[in-house]
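Open the model in your viewer and keep the selection tool at hand. The tour goes from one selection to the next and says what is found at each.

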Amino acid sequence: LCWAMLLLVVIMYLFTAFFMQGIIIYLHDNPGDVNRLREGSKAWYGSILTTMYTLLAAITGGIDWKEAVVPLDHISELYRGVWSFYVMFVVIGVLNVLTGIFVERACELSGL
């Protein structure tokens, strides 16, 4: 259980760093777009913890992930693609594998 949560946190942290770096570089290179992009990016990507919470909420159904990708979509379509890859990878890949491990372990403990 501990290693599984650690794996999920590491994956989320890597994507957090990627998305925040993209926003920071864009705002630095395009100071004219600061007001247009700042509100959405501050709400969803204001800090490392806020960004990690946004990523967690997107994969657990806490928010609609299409809303959270809008500030990234203003930067580049590449970020929308990476965001979509993150959601698919974590939901289909990581969470399904973790669920399978938990079910297998529960079956072992119950003697089935």
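Two rings of Phe, Tyr or Trp, the last by its six-membered ring, count as a pair if their centres lie within 6.5 Å. On that basis, select F15, F18, F19, Y45, Y79, W83, F85, Y86 and F89, which form one aromatic cluster. Keep in mind that this is a predicted model. The structure holds 9 aromatic pairs.

**Stop 1: two of the pairs**

A pair of aromatic rings is described by the distance of the centres and the angle of the planes. Select Y45 and W83. How far apart are the ring centres of Y45 and W83? They are 6.4 Å apart, and the planes stand at 90°, so this pair is edge-to-face, the class for angles over 60 degrees. Y45 belongs to helix α2 (residues 34-45) and W83 to helix α6 (residues 77-110), so the pair ties together parts 38 residues apart in sequence. Y45 and W83 are both buried.

An α-helix has 3.6 residues a turn, so residues three or four places apart point the same way. W83 has 0% relative accessibility and counts as buried; Y86 is also buried, with a relative accessible area of 0%.

**Stop 2: helix α1 against helix α6**

Two packed helices are described by the angle between their axes and the distance between the axes. Show helix α1 (residues 2-29) together with α6: the two pack at an angle of about 180°, and their axes are 11 Å apart. That angle makes α1 roughly antiparallel to α6. Now colour the residues that meet. On the α1 side they are W3, A4, L8, I11, M12, F15, F18, F19 and G22. On the α6 side they are Y79, V82, W83, F85, Y86, F89, V90, V94, L95, L98 and I101. How do the residues of this contact divide into nonpolar, polar and charged? There are 19 nonpolar, 1 polar and no charged.

**Stop 3: T16 and T51**

Stay in helix α1 and select T16. T16 is buried, with a relative accessible area of 1%. Leaving aside neighbours within four places in sequence, T16 is in contact with I48, T51, M52 and L55.

Move on to T51, in helix α3 (residues 48-60). T51 is buried, at 0% relative accessibility. Not counting residues up to four places away in sequence, T51 touches T16, M20, W44, Y45 and G46.

**Stop 4: the whole of helix α3**

Which residues of α3 are buried? They include T51, M52, T54, L55, A57, A58 and I59. After α3 comes G61, whose phi is positive, near 90°.

**Stop 5: V91**

End in helix α6, at V91. Is V91 buried, partly exposed or exposed? V91 is partly exposed, with a relative accessible area of 30%. Beyond neighbours within four places in sequence, V91 is in contact with I59 and N96.

How values were computed: Residues numbered from 1 in each chain as written. Predicted model: local features only at pLDDT ≥ 70, side-chain atom pairs only at ≥ 80, totals over all residues. Heavy atoms only, no water. Phe/Tyr/Trp six-rings, centres within 6.5 Å; stacked < 30°, edge-to-face > 60°. Helix = DSSP H or I, 4+ residues; strand = E, 2+ residues; numbered from the N terminus. Buried < 20%, exposed > 50% of the residue type's maximum accessible area, 1.4 Å probe, protein only. Axes fitted to C-alpha atoms, helices over the stretch in contact; angles between N-to-C directions. Parallel < 35°, antiparallel > 145°, perpendicular 65-115°, else oblique. Contact = heavy atoms within 4.5 Å. Nonpolar A, V, L, I, M, F, W, Y, C, P; charged D, E, K, R; others polar.
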